[in-house]
Structure formats: C-alpha cells, structure tokens
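Dear colleague,

I am passing the structure on to you with this message, and my notes on what was found in it follow below. Please read them with the structure open.

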Amino acid sequence: MEITFVGAGNLSWHLAPALESAGHHINEVYSRQLQHARQLVSNLYDARTHSDLNFADSPSHLFVLAVSDQALEEVCSRLVLPENALVVHTAGGQSLRALEQWMAVYSDVPVQTGVFYPLQTFTREQSFMAFEDIPLCIESADSTTEDKLVRLAQDISHTVYVITSEERKALHVAAVFACNFTNHLLALANDMITAEGMDFDLLRPLIAETFHKGLDAESPADVQTGPARRGDLKTIETHLNYLGNRPQLAEIYQLLTASIQRHYHSNR
C-alpha cells in the first residue's frame, strides 16, 4: 500500500516503520511540529515531509490520521484528499460514525473511511516496538474497506479483531484503567516512598510479581491480596491515619479499598 501519515507522534513513530518493514510504502508524513515529521522521516526509507494538509496530488491511497481525539475534526476540516482515498483514524475514543460525518461534510471528493486502532501504549523515540502481538482493532462500514484494513493489519500483527465503535469504547476505558491509572498509582507509590527517604527499587520485585500473577491468572481477581481483600479493618485504619496529612492520597486509598471490599465481601 502507498501510505501517508498525518501526525508524527507516539503511535506514528512505531506504526510507520512497522508497516514499511512489512513491505508497504510510506510516501509522506505531516505534523504540525515539523521537527517531529523530520525525525520520523529520517527512520523511513524514502518518505518525505509534507508541509500542509493538501494531499490532492498525493500518490497515497491510505491516509492514517494518527492525531489526538481532540484534533481529529480540525484535521478533517482542513484535509484535501485524492478521490476514493481510504482515511482511517487510530483513536480509541472516537467513533467511526464521527469520522464518516466529518469526511461527508468537509471532503470535496468521495472517500472511504475506517478505524485502525492498536491497543498499546507508545512513546516516541524509544526502540521500535514489534507489532506481532499487539492487538489491532479494525472497523469499517464497508466490507471491501474492512477486508483491506484486516489484510494490512495481518501484515504486522498476529492479533487482529474486527470490532464496533461501542466495543472499542469499552476497550479504551478498560485500557485507561489497566495502563494509565495503574502507572499513575506506581508514580504515587514512588512519591510516597521517596518522600520517606527510601528507594523505589524496594517496590520493584513486588510490582513485578503482582503483574506476573495478575497476567498468569484466569482472572486478576483470583489473585487479589491485601487488607481490603482480607477485610482487615484495623490495618486499613492505620493506613488512613498515616495518610491523614495527604487528603488526596487518602481519598484514592478509600475509593479503591471500598471497591475491593464490595467485590469480595458484598455477599457476606
């Protein structure tokens, strides 16, 4: 496939080289931050930067909108595409219907639309991630377009799903809990222990074992431990007393404790 990337952020940094390595050709990269586009292009075979969103004369057939959920409509409003181009977004929180409506309103030529959503967290300028085991979630209202996107996804991943926008919304929310919230809790734990003059390395074996058990279990709920799981109210009270001068942390502790208690002790 002849491909153009609109956006040169975290996802594009990894997805563009993966598609190129699978035999597809990246023609152009556009980014509001030209330096990001230049950095990405430097890692590709013969792609070039594109200075605006007018792609009327582009040789590409597929246009990957790898921009934030909030920026999608603005990008669509300025996008000029060749006739019958295939436009996909990579957002977890935007529906296919939204992209269809924006392109119907803003595009002067007929285009095909779809979703190409990798369920993973990405960071720019880290080593390129292998996509073989990253779930790729595909959606299109057109069966021919869906087939094209499925074949493209299968070129780089062994795990390809055709899902609806509602299913993708549920996945995205679950991903925020599993990834973003979990990482934030690790950051809070780091702040807490370093404030006492100790090193985060003390927690690393515990964190590693927690994730190892949770991923190996049939359900993470099966291996839940801790005072909330045991119903140890005395320890919980001790912890809340310790957090007495940190009301935000105490609030998070109480909220998660109550959630665990409801899960394991509501029927007792």
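Lys169 forms a salt bridge with Glu166, with the closest N and O atoms 3.3 Å apart, where a salt bridge is taken as a side-chain nitrogen of Lys or Arg within 4 Å of a carboxyl oxygen of Asp or Glu. Both residues lie in helix H6 (residues 165-195), three residues apart, about one turn of the helix; helices (H or I, at least four residues) and strands (E, at least two) are DSSP runs, numbered from the N terminus. Lys169 is partly exposed at a relative accessible area of 46%, whereas Glu166, at 56%, counts as exposed, given that buried means under 20% relative accessible area, exposed over 50% and partly exposed in between (1.4 Å probe, protein chains only).

Please bear in mind that this is a predicted model, in which local features need pLDDT of at least 70 and side-chain atom pairs count only at pLDDT 80 or more, while totals for chains, interfaces and linings use all residues. Residues are numbered from 1 along each chain as its sequence is written, and side-chain values use heavy atoms, with hydrogens and water left out.

By the rule above, the count comes to eight salt bridges. Another of them joins Arg78 to Glu74, the closest N and O atoms being 3.4 Å apart; these residues are separated by about one helical turn, because they are four residues apart in helix H3. Arg78 is partly exposed at 39% relative accessibility, and Glu74 is partly exposed at 40%.

Helix H3 (residues 72-78) also belongs to a right-handed β-α-β unit with strands S4 and S5, right-handed meaning that, with the strands pointing away from the viewer, the path from the first strand over the helix to the second runs clockwise. S4 (residues 62-65) pairs with S5 (residues 86-89) in the parallel sense over four bridges, pairing requiring that DSSP finds at least two bridges between two strands. Leu65 has His89 as its bridge partner in S5. S4 also pairs with S1 (residues 2-6), again in the parallel sense over four bridges, and there Leu62 is the bridge partner of Ile3. From S4, Leu62 and Val64 point one way and Phe63 and Leu65 the other, and all are buried.

Thr90 sits in the loop between S5 and helix H4 (96-106) and counts as buried at 9% relative accessibility. Leaving aside residues up to four places away in sequence, Thr90 touches several residues, including Val64, Leu65 and Tyr117, contact meaning heavy atoms within 4.5 Å.
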